[in-house]
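Reader: I'm new to this structure and would like to learn how to read it. Could you walk me through a few features?

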Amino acid sequence: MSLFPDIDTAVADLRRDRLSAPLLASATFSAAYLAGQLLAAEADAESALRVYLSPVEILPETATQEDKDLLDEEGIRWEEEPGYDLDQDFFAGDRWGYLLTRQRPIIAVHSLQFVYPAPFRGIFTVPADWIRLDKKYGHIRLVPGSQSFNAPLSIGVMQILGGGRGIPQMLQLRYTAGLQNAAAKYPDLIDLVQRMAALRLLQGLFPAASGSISADGLSESTSMDLSKYQDDIDSHLERLRQRLQGPQLIVC
């Protein structure tokens, strides 16, 4: 994850800017614990936003172990996903080989292959100049260019052999998804994750919902409702999610 490339500085910022509340200021947290809470909050934000906060290589299930080991050696985060079904209307009408990726935004598409099932077992790699991208929303369209379609067997024939039905997991896609330089482009995301980390620290102290303090014959009641802080964070997460991914309704 790349929101906090310098974790020591991030911990110092969290301690200085977020731990001034009386309950937190009186607690003693190790630097390792604060770093862990920051990273956990970042993972929570990534899950809530349904967006990788740093570039991630998305590998098809046809990727080899050698591919995965090489990414591990280079310290590149990767995830594996199953192939995409080839719908019977993949090229019909105005769809132009329409494909919606599971992860978005897209940073780059490295390869898109038609992997034919037995007995053909052929692979057709879609030429790069055929691919049209809407990176923000994860839309891929295929617009055939100058190269001839020399696939082992045409898509139309494959669908005829399949009784007019779609072909499961025939499309194997390798791409990079997530946010690039999120800290610079989305400074509100940094602020939000720091707040989420502070809330995690509060929750970890298991504070009483209410209490009282007595001194010199005077008493003062106190109350703390952490759900209000959580509601505010959830509201900010939803607004940021809409900025990143837009409306979650697609009409084809």
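Predicted model: local features only at pLDDT ≥ 70, side-chain atom pairs only at ≥ 80, totals over all residues.

Reader: Now the helices, please. At what angle do H1 and H3 cross?

Author: For a pair of helices, compare their axes. Those of H1 (residues 7-18) and H3 come within 9 Å and cross at roughly 95 degrees. Angles of 65 to 115 count as roughly perpendicular, so H1 is roughly perpendicular to H3. On the H1 side, the contact is made by Ile 7, Ala 10, Val 11, Leu 14 and Arg 15, and they meet Ala 31, Leu 34, Ala 35, Leu 38 and Leu 39 of H3. By class, that contact has 9 nonpolar residues, no polar ones and 1 charged.

Reader: And how does H3 cross H8?

Author: The axes of H3 (residues 31-49) and H8 (residues 226-245) also come within 9 Å, crossing at roughly 60 degrees. That angle makes H3 oblique to H8, and the crossing is right-handed. Here H3 contributes Ala 45, Ala 48 and Leu 49, while H8 contributes Leu 237, Leu 240, Arg 241, Leu 244 and Gln 245. The contact of H3 with H8 divides into 6 nonpolar, 1 polar and 1 charged residues.

How values were computed: Residues numbered from 1 in each chain as written. Heavy atoms only, no water. Axes fitted to C-alpha atoms, helices over the stretch in contact; angles between N-to-C directions. Helix = DSSP H or I, 4+ residues; strand = E, 2+ residues; numbered from the N terminus. Parallel < 35°, antiparallel > 145°, perpendicular 65-115°, else oblique. Left-handed = near helix turned anticlockwise from the far one by under 90°. Contact = heavy atoms within 4.5 Å. Nonpolar A, V, L, I, M, F, W, Y, C, P; charged D, E, K, R; others polar.
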